Amino acid sequence: MNKKLIAVLLTLTFIAPIKALAADTTAVPTIAILDTAIDSSLPEFKDKIVQEVCIIDWTTCPNGLSYMEGPGSAYMAPDLIVKNGFEHGTQMASIFLKNNPNAKIVFLKIIGNTPTGTRQVALESTVFNALNWVKKNASKYNIKAVSMSQGHHNLGTAGTDYCPKTTITKQSVIDLASMNIPVFFPSGNGRDYSRIDWPACIDESVSVGFVDQQGEISASSNNDSSKLDFFDYGFWQATSPGGVVKNVAGSSAAVQVSAAKYIALQQAKPQLNMDQLIQNLKLSASSTVGRQGTFKKLVNLQEALKYNFVSVLTAEQINASKLDAIAKLTVIQNNEIAKASADYDAAVLAAASARDKAVTAAKLKYQAEVAKLG
Amino acid sequence: MANLTVLEEIIKEIGEELYQRWYNALAIEDRTEEASRAMSVNAGETSVWVIQTFMNKFNAAAEELKNQSIANN
C-alpha cells in the first residue's frame, strides 16, 4: 500500500513539472487578438487557440463577472454571436490564420454584450486593462504581437494634434514595445484623409490602413500620411461563427494581415528586435496608389524576407556602446586590482606570520639555552 | 387610470414628497386651500423640471461616452 502511494507521488512529481513546462514555454509564436468574441469550436481553430480571456468594464463575461480566463471566456451563444457585429472577432482570427497558419492565438474578448446580444460600450479603460493582461502574460504564452481591430473617430480637429490624450494606454503600448511586442491598430474606414482612428493615432503603435484586391488604397481607408505606418490587404473571405464564409472589408482585416506578416518575419529573422523588424517591413514595402497619392507603405512579406537588413547604428547608439564598453572594462580592471590587492595582503600576512613564528621559536630556543646554563 | 411609465411614477412620487415637505413647513395659519393648490402645482412642475434637466444631462453624458466607445473597423 505504502509502496503504491510512494509510486503515485513519484509519478506526480515527475509529471507535474513537465505539464507546466509544456503550457508555459511553447516555441510557437502567439498573437493576442483583442476583439468581440470567438466561435472557438470551428475546425480551423482546432489547436490554435492557446487561451481565451474576457476583460470588460461590465459584469457580462460568461461567468457573470468583468474578468474571466480559460476555455469559454470569449464564448457567446450561437444566436447572439451572429448579431450586432459580434461575429467580427471570429472573422479577424480567421483572417490572421490565413496569413500565418504557423502562429497561435490568445483571444481576448473586450466587448461586452447584454443578455439579448446588444453591444456594450467599451472605453479606453477596457483597452488599457487588456493590454496590461498581455504585458503580464506575454512570456507565458510566447506573445509576439498584439492586434486590435477596433477604434473610434472621436478626435480633435484635423491639422492639430488630434489624437486623444490617453496616457495610460499610450504607456501600455510603449511598455509592450520595450518587450519587443508591437501593437497593431486599424486606421478606420471613414474616408478621412487627414486623421486616423484612436488608438491607431498613438505614435508608438503600428497603424494599418487598407488596400483593395488590386493593391490600390481603398477610398474608405482613413489616412494620415505622417502617422500611418502601413497599408495591407483589407478584402477577405473570412470564416464567421458557425463556419459560414463571408466577404469582409476594412482596415480591421488589414491589421490582422500585417500582424500575421510581422510574426512570420519575426519567425524567419529571430535575431532582429521589434524596431528592426518594423524597419525591415518599411524598407521592403511596395508602393501603393490612392486618392491621396502614392505611398511606399504596402507590406510585402516576400520582399521583407529577402531584404538584407543591416542595422545602422546612430551616433547616439555608438556613443552608448562606447560608454558601455568603458564601464565593462572599468569593472574588469577594478576586479583585477582588488584581486591583486587581496593577494598582496595575503602574502604580507603570511610573511608576518612566518616571521612571528621564527621569532617565537628563536625566543624559545634562547630561553631553553639560558635555562640549561642556569 | 392609465398605467404610468417608470419615469412618470418617479415624477409623481417626487412631486408628492415635495408638496408634503413644503406643506409641513408652512405655519398652521398659512395652510389654506389656495396655498395647498398652488404648492401642489409648483411641486409637480418642479419635479418635472428637475427630472427633465437630469435626464437631459444624463443623456448628453451618455451620448458623449458612446462617441468614445470603440467599434469594429
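What follows is a conversation about how some features of this predicted model are named.

Colleague: Why is A:Asn102 called exposed?

Modeller: A:Asn102 has 11 C-beta neighbours inside 10 Å, and a residue counts as exposed if that number is 12 or fewer. A:Asn102 is therefore exposed. It lies in the loop between helix 3 and strand 4 (104-109) of chain A. From A:Asn102 to A:Lys140 there are 38 residues in sequence and 18 Å in space, C-alpha to C-alpha.

Colleague: What makes strand 8 of chain A largely enclosed?

Modeller: A residue is buried if 20 or more other C-beta atoms lie within 10 Å of its own. Six of the six residues of strand 8 (residues 206-211) of chain A are buried, so the strand is largely enclosed by the rest of the structure.

Colleague: Which residues of strand 8 of chain A point one way, and which the other way?

Modeller: In a regular strand, side chains alternate between the two faces of the sheet. A:Val206, A:Val208 and A:Phe210 point one way, while A:Ser207, A:Gly209 and A:Val211 point the other way, and all are buried.

Colleague: How do you know that strand 8 of chain A pairs with strand 9 of chain A?

Modeller: Two strands pair if there are at least two bridges between them. Strand 8 and strand 9 (residues 230-233) of chain A have four bridges, in the parallel sense, so they pair.

Colleague: What do strand 12 and strand 13 of chain A form?

Modeller: They form a hairpin, with two residues between them. Strand 12 (residues 286-290) and strand 13 (residues 293-298) of chain A pair in the antiparallel sense over four bridges. A:Thr288 stands opposite A:Phe295 in strand 13.

Colleague: How do you know that strand 6 of chain A pairs with strand 1 of chain B?

Modeller: The cut-off is at least two bridges. Strand 6 (residues 150-151) of chain A and strand 1 of chain B have two bridges, in the antiparallel sense, so they pair. The bridge partner of A:Gln150 is B:Asn72.

Colleague: How many residues does the contact take from chain A and from chain B?

Modeller: The contact takes 18 residues from chain A and nine residues from chain B. On the side of chain B that touches chain A, helix 2 (33-67) and strand 1 (71-72) each supply at least two residues. Helix 2 of chain B gives the largest share, three residues. By class, that side of chain B has five polar, three nonpolar and one charged residues.

Colleague: What makes helix 9 of chain A hardly covered?

Modeller: The count of buried residues among its 59 residues is zero. Helix 9 (residues 315-373) of chain A reaches 86 Å from its first C-alpha to its last, close to the 87 Å expected at 1.5 Å a residue.

Colleague: Where do helix 3 and helix 6 of chain A meet?

Modeller: A:His88, A:Met92, A:Ile95, A:Phe96 and A:Asn99 in helix 3 meet residues of helix 6 including A:Ser252, A:Gln256 and A:Ala260. The axes of helix 3 (residues 88-99) and helix 6 (residues 251-268) of chain A come within 8 Å and cross at roughly 35°, in a right-handed crossing. The residues of this contact divide into seven nonpolar, four polar and one charged.

How values were computed. Residues are numbered from 1 along each chain as its sequence is written. Chains are lettered from A and ligands numbered from 1 in the order in which they are written. This is a predicted model: local features need pLDDT of at least 70, side-chain atom pairs count only at pLDDT 80 or more; totals for chains, interfaces and linings use all residues. The expected span of a helix is 1.5 Å times one less than its number of residues. Two residues are in contact if their C-beta atoms, placed from the backbone, lie within 7 Å. Ala, Val, Leu, Ile, Met, Phe, Trp, Tyr, Cys and Pro count as nonpolar, Asp, Glu, Lys and Arg as charged, and the others, Gly among them, as polar. Axes are lines fitted to C-alpha atoms, for helices over the stretch in contact, and angles run from 0 to 180 degrees between N-to-C directions. A crossing is left-handed if the near helix is turned anticlockwise from the far one by less than a right angle, and right-handed if clockwise.
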